[in-house]
Amino acid sequence: EPKAGKIIIGFLDGVPTARRLVREGKNSILVASNRHYPPLPFDQSKWVHAGTLEYACRDMSKRYSGES
């Protein structure tokens, strides 16, 4: 079950998606971690839930080594 504040993984209109679910009043949006991607309206009827992200490991070596 998708919960507000969590990163949810699934398919929105058949497109694989992993974004944070944010509630704004009665509406919900999916917000990407990358600010270059716009928020998407969340429509439960078009969503196929695959899971919720609980933990992520990320390689931070490029971030601190000066590489792009």
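Strands here are DSSP runs of E, at least two residues long, and are numbered from the N terminus. I'm working on a predicted model, where local features need pLDDT of at least 70 and side-chain atom pairs count only at pLDDT 80 or more, while totals for chains, interfaces and linings use all residues. Residues are numbered from 1 along each chain as its sequence is written, and side-chain values use heavy atoms, with hydrogens and water left out.

**T17.** I looked up T17 and found it in strand β2. Buried or exposed? T17 is buried, at 12% relative accessible area (buried is under 20%, exposed over 50%, partly exposed in between, with a 1.4 Å probe and protein chains only). Setting aside neighbours within four places in sequence, I get T17 in contact (heavy atoms within 4.5 Å) with I8, I9, G10, L12, L30 and W47. A polar atom of the T17 side chain also sits 2.9 Å from the backbone oxygen of V15.

**The sheet.** I read an open sheet of five strands, β4-β3-β2-β1-β5, with antiparallel pairing; two strands pair if DSSP finds at least two bridges between them. The edges are β4 (40-41) and β5 (47-52), each pairing on one side only. How many bridges join β2 to β3? I count five between β2 (residues 15-24) and β3 (residues 27-31), which run antiparallel. R20 stands opposite V31 of β3.

**D13.** Last, I went to the loop between β1 (7-12) and β2, where D13 lies. D13 has a positive phi, near 55°, and is not a glycine. With a relative accessible area of 58%, D13 is exposed.

Definitions and conventions
Helix = DSSP H or I, 4+ residues; strand = E, 2+ residues; numbered from the N terminus. Polar contact = N/O pair within 3.5 Å; in protein donor to acceptor, adjacent residues only side chain to side chain.
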